[in-house]
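I wrote down each item as I looked it up.

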Amino acid sequence: RFESVTMAPPDPILGVSEAFKADTSDAKLNLGVGAYRTEELQPYVLNVVRKAENLMLERGENKEYLPIEGLAAFNKVTADLLFGANNTVIQEGKVATVQSLSGTGSLRLAAAFIQRYFLDAKVLISSPTWGNHKNIFNDARVPWSEYRYYDPRTVGLDFDGMLADIKAAPDGSFVLLHGCAHNPTGIDPTPEQWNKLADIIQDKNHIPFFDVAYQGFASGSLDTDAYSVRLFVERGLELLVAQSYSKNLGLYAERIGAINVVCSSSDAAARVKSQLKRLARPMYSNPPVHGARIVANVVGDATLFNEWKQEMELMAGRIKNVRQRLFDYLSQKDKSGKDWSFILKQIGMFSFTGLNKAQSEHMTNKWHVYMTKDGRISLAGLSLSKCEYLADAIIDSFHN
Ligand code: LMR
């Protein structure tokens, strides 16, 4: 009976890493998945993570099951970090926080919640968006449609299109927003634009659903990167926020994150949490403990917390440096007069180059530069010494 099973296509992002591994060229460069590398292009485990793990070993902690909602100390620090510990929604107990399997798992749990309790609702997602968003809502059987976001003419935000599409959607839709460092474009709304978005979302009775995968990683500041979420919370809106610690603490494989649902009363929050637990139990029972303890130790300890902020600034700074260096080479070497300044305007881990599918394939086939076919490159996987090579590859592929 398994004979009838067809071969699934490789994942558009994680499949790139598999193809990269199989390439034997010395020149090869993996700019596919968004994973931070050192200047030597090696994976990086943060010092604060090592310190937290040492503490955990010293304490000889056990491996008992966590409650379905996760580690209490983690859930507390993660909500505090996102909303600010003094936020009234925290103090009044209006947030239902459930530890989940990083960004994807948190989004998937929320999608199951939407599917169960908002039968007619649809989710609006940006065009383009992170490759996995559509899979998540498809598999949860939640209908979605796209709102305009990226304008290829300006290589910037199509803000009017975005507003118009959010306005035109049925009242009470969920609007998926990237809290900071939009993936894949690296283009975020300005504070004024966030304000206007909040006006419209409020008018339309929509429910904002933030995906926050880069807090602290976009600007180097945890508070600055939480600006959009906190703005919507200040307006008294009910909303959802999925969080991931993959990038900002480098805990990719620990699968640690959370889903937070801001409700209008603590009673509602308790009920929402009970339902999230009910949905989680048959899916994965309860979440893993190791990453949760690391986060709780780092964020919950003033010394480690400060060290973390410094390490994050270092990582964000290295990415900014390669961004600048890449721009410099592209501007110097490309004789076509193309304006490359969009690279400097984009923020976060990625640059959305504007290379189309065929050009992206040319990057891989001729130059051994592995990237997603939507033209996104992960600058976190680039070193200063490879910028010139990459600039040559991009120029050649653009004009090919
Ligand atoms: C990415 O966009 O590269 C990351 O979020 C990794 C992933 O899970 O796709």
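**Cis peptides**

Helices (H or I, at least four residues) and strands (E, at least two) are DSSP runs, numbered from the N terminus. The peptide bond joining S127 and P128 is cis, with omega about 5°.

I noted a cis peptide bond between N183 and P184 as well, with omega about 20°. P184 sits in the loop between β7 (174-178) and α8 (191-203).

**What I am working with**

The model is predicted: local features need pLDDT of at least 70, side-chain atom pairs count only at pLDDT 80 or more, and totals for chains, interfaces and linings use all residues. Residues are numbered from 1 along each chain as its sequence is written.

**Ligand shell**

I listed the residues around the ligand: I13, V33, G34, W130, N132 and N183. A residue is counted here if its C-beta atom, placed from the backbone, lies within 6 Å of the molecule. N183 in this list is also the residue joined to P184 by a cis bond.

By class I found three nonpolar, three polar and no charged residues in the shell. The classes are: Ala, Val, Leu, Ile, Met, Phe, Trp, Tyr, Cys and Pro nonpolar; Asp, Glu, Lys and Arg charged; the others, Gly among them, polar.

Which domains supply the shell? Domain 1 (11-45 + 309-398) and domain 2 (65-300) each give at least three residues. The domain bounds come from an automatic or database domain assignment.

**UniProt record**

The unreviewed UniProt entry lists "domain: Aminotransferase class I/classII large" at residues 28-394. UniProt positions are in the numbering used here, feature names are shortened, and annotations may be inferred rather than shown by experiment. I checked residues 28-394 in the model: the end C-alpha atoms lie 14 Å apart, and the span is 47% helix and 15% strand.

**Sheet**

I traced an open sheet of seven strands in the order β2-β10-β9-β8-β7-β3-β4, with mixed pairing. Two strands pair if DSSP finds at least two bridges between them. β2 (95-101) and β4 (144-148) are at the edges with a single partner strand each, so one side of each has no neighbour in the sheet. The twist averages 25° from one strand to the next; axes are lines fitted to C-alpha atoms, and angles run from 0 to 180 degrees between N-to-C directions.

I then followed β2 to its partner. Seven bridges join β2 to β10 (residues 256-262), and the two run antiparallel. T97 has N260 in β10 as its bridge partner, and L101 has I256.

Buried means 20 or more other C-beta atoms within 10 Å of the residue's own, exposed 12 or fewer, partly exposed in between, with C-beta atoms placed from the backbone.

**Positive phi**

V155 has a positive phi of about 50° although it is not a glycine. V155 lies in the loop between β5 (150-151) and β6 (156-157) and is partly exposed, with 19 C-beta neighbours inside 10 Å.

H368, also a residue other than glycine, has phi near 60°. I found H368 in the loop between α15 (357-367) and β12 (369-370); with 18 C-beta neighbours inside 10 Å, H368 is partly exposed.

**Q332**

I placed Q332 in helix α13 (residues 302-333). Q332 is exposed, because 11 other C-beta atoms lie within 10 Å.
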